[in-house]
Amino acid sequence: MLCTRLTNAHILTMDPDHPVAHDLGIWRGRVVGLDEAVTGLPAREVVDLQGATVLPGFIDSHVHLAWAGLKAATPGIAPCARVEDVLAVVAEATARKAAPGDWVDVAGYDQRALGRHLTAAELDRVSHGRKVFVMHDSGHACVVNSAVLALLPADVPHQDGFLAESAMTAVRRLRLPYSQEELADAIEHAGRACLAEGITACAEAGIGGGLLGHSPVELGAYQLLRDRGRLPLRVQLMAAGDTLRPVGAHADDGIPRSLDLGLRTGFGDDWLSLGALKIYTDGGMMARTAALTAPYEGTTHTGQLQDDPERLTELVVDGHLAGWQLAVHAIGDRAADLALDALERAQTLRPRPDARHRVEHAGLIRPDQLPRFARLGVSAVVQPNFLRYFGDDYADVMGEARAPWMYRGRGFLDHGVTLVGSSDRPVTDGSPLRAIQFMVERTSLSGRRIGPDEGVTVDEALRAYTVAGAYACRWDDSAGSLTPGKRADLVVLGDDPRRVDPSRIGDIEVVATLVDGREGKRL
């Protein structure tokens, strides 16, 4: 007997051997058959979907759940456009803290709205003896007051309290890590937001260290949720690159650096597992720290790498030798050169044809870099909503010649590169449907078309959030399509993205989300 049979549905399976179905059978969390194979079978529950569209659950291949959940509970200054309004929010937040010396967190900072960066002196006026930490929305920078600057080593660079990249990391290390209970609550909150948008699985992009690690024992918060039955969706965890350390393993193992016990990509189960090793090479466009080969438009500034290029290359090579899948953060084209060079060196030293290494963001990729992605078998994990929401600004700072190279779609596909969709939640909107709309239209919220030749078809955009996401996360044997034997992870939509006008895709209702055949949002 089936556990559940969905009937009278318009099922887009993403399986070329059986692309459309009307019935789907579920047994013990797996798809067991489609159409005639299950229509006549008894089921404990039969759900008539009255023609609703069903797709494999969306996979968001690059998120920050803990940061998203913590940000949701943090006082925010967006969309303040005047320094005085920002300082009023900070003053209110500091007033809530009981004692001088406490840390005060404020979220939603973006200097572009203000026309310049805040300064430590401005924060001092409203901090009342507290330590103020204002987080940049990109995750690559912050502004702090003098009470924080006084605690930093003298060699940590800042500009009137503004700290970017590794300098921001130095500030974060001044603080006690979040507790596992705090992190667990934040992760659960963000995970439920993902479910509401049709996401059934995601990859958490860097825990335990790096720019956005929240605790050296961060994995424990996810395991806590898993043990308590509170993990809302499947999560694959990327370990931050700086969590590897030299090990005294046998020389023949060929593992120069490792996590404790030799843990690496693939450890875990269907709900919680270790994915790729996350390695940062540069910053971001929003903070103007993405590493470019030519300056940002109208400036002499070309962004920055996270470390000495050779040290970054050694980390990539060591991670590859230790058996990890690698997720290399590279937004600017100069950073992408470094990432591709390092991955090529690693594969030369120890060929691993199915390593499935990834470049995260791939925000500005020159035409000559596309064949290198293909030759190395590297996936491009892009964030289409960056251009939907920030595209006008990004196009301006890249200039007319480079703007069409940003967050490519068609260019990757035409070169045979696996194109993977993701959000980088909470940097911007996490909705896969709105991202899919942008991938097709290449139109920002203002109506500006950005690299229209990089547009893809609706089917190709859907694949980026289903089949390609499963491939990039090494889940392709169990997710990404509604094929018998795979997980019963699916999303029910109020309309078919392929049948509506592309401008309406982002507004399609998510009726229900099922993980393991169980409802995350009521039918």
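How are α8 and α9 oriented to each other: roughly parallel, roughly perpendicular or roughly antiparallel? The points below answer this and then turn to other parts of the structure.

1. Basis. This is a predicted model, in which local features need pLDDT of at least 70 and side-chain atom pairs count only at pLDDT 80 or more, while totals for chains, interfaces and linings use all residues. Residues are numbered from 1 along each chain as its sequence is written, and side-chain values use heavy atoms, with hydrogens and water left out.

2. Helices α8 and α9. Helices (H or I, at least four residues) and strands (E, at least two) are DSSP runs numbered from the N terminus. The axes of α8 (residues 180-196) and α9 (residues 219-228) come within 8 Å and cross at roughly 65 degrees. Axes are lines fitted to C-alpha atoms, for helices over the stretch in contact, with angles from 0 to 180 degrees between N-to-C directions. The two helices α8 and α9 are therefore roughly perpendicular (65 to 115 degrees; under 35 is roughly parallel, over 145 roughly antiparallel, the rest oblique).

3. What meets in that crossing. On the α8 side are Gln-180, Glu-181, Leu-183, Ala-184, Ile-187 and Glu-188; on the α9 side are Gly-220, Ala-221, Tyr-222, Leu-224, Leu-225 and Arg-228. Contact means heavy atoms within 4.5 Å. Seven of the residues in the contact of α8 with α9 are nonpolar, two polar and three charged (Ala, Val, Leu, Ile, Met, Phe, Trp, Tyr, Cys and Pro count as nonpolar, Asp, Glu, Lys and Arg as charged, the others, Gly among them, as polar).

4. Helices α13 and α15. The axes of α13 (residues 384-398) and α15 (residues 432-441) come within 8 Å and cross at roughly 80 degrees, so α13 and α15 are also roughly perpendicular. The residues of the contact of α13 with α15 comprise six nonpolar, two polar and two charged.

5. The sheet. Four strands form an open, mixed sheet in the order β5-β4-β1-β6; strands pair if DSSP finds at least two bridges between them. β5 (30-34) and β6 (43-48) are at the edges with a single partner strand each, so one side of each has no neighbour in the sheet. β4 (residues 24-27) runs antiparallel to β5, joined by four bridges, and Trp-27 stands opposite Arg-30 in β5.

6. Leu-212. This residue lies in the loop between β13 (199-207) and α9. Leu-212 counts as buried because its relative accessibility is 6% (buried is under 20% relative accessible area, exposed over 50%, partly exposed in between, with a 1.4 Å probe and protein chains only). Beyond its neighbours within four places in sequence, Leu-212 has contacts including His-64, Trp-67 and Arg-172.
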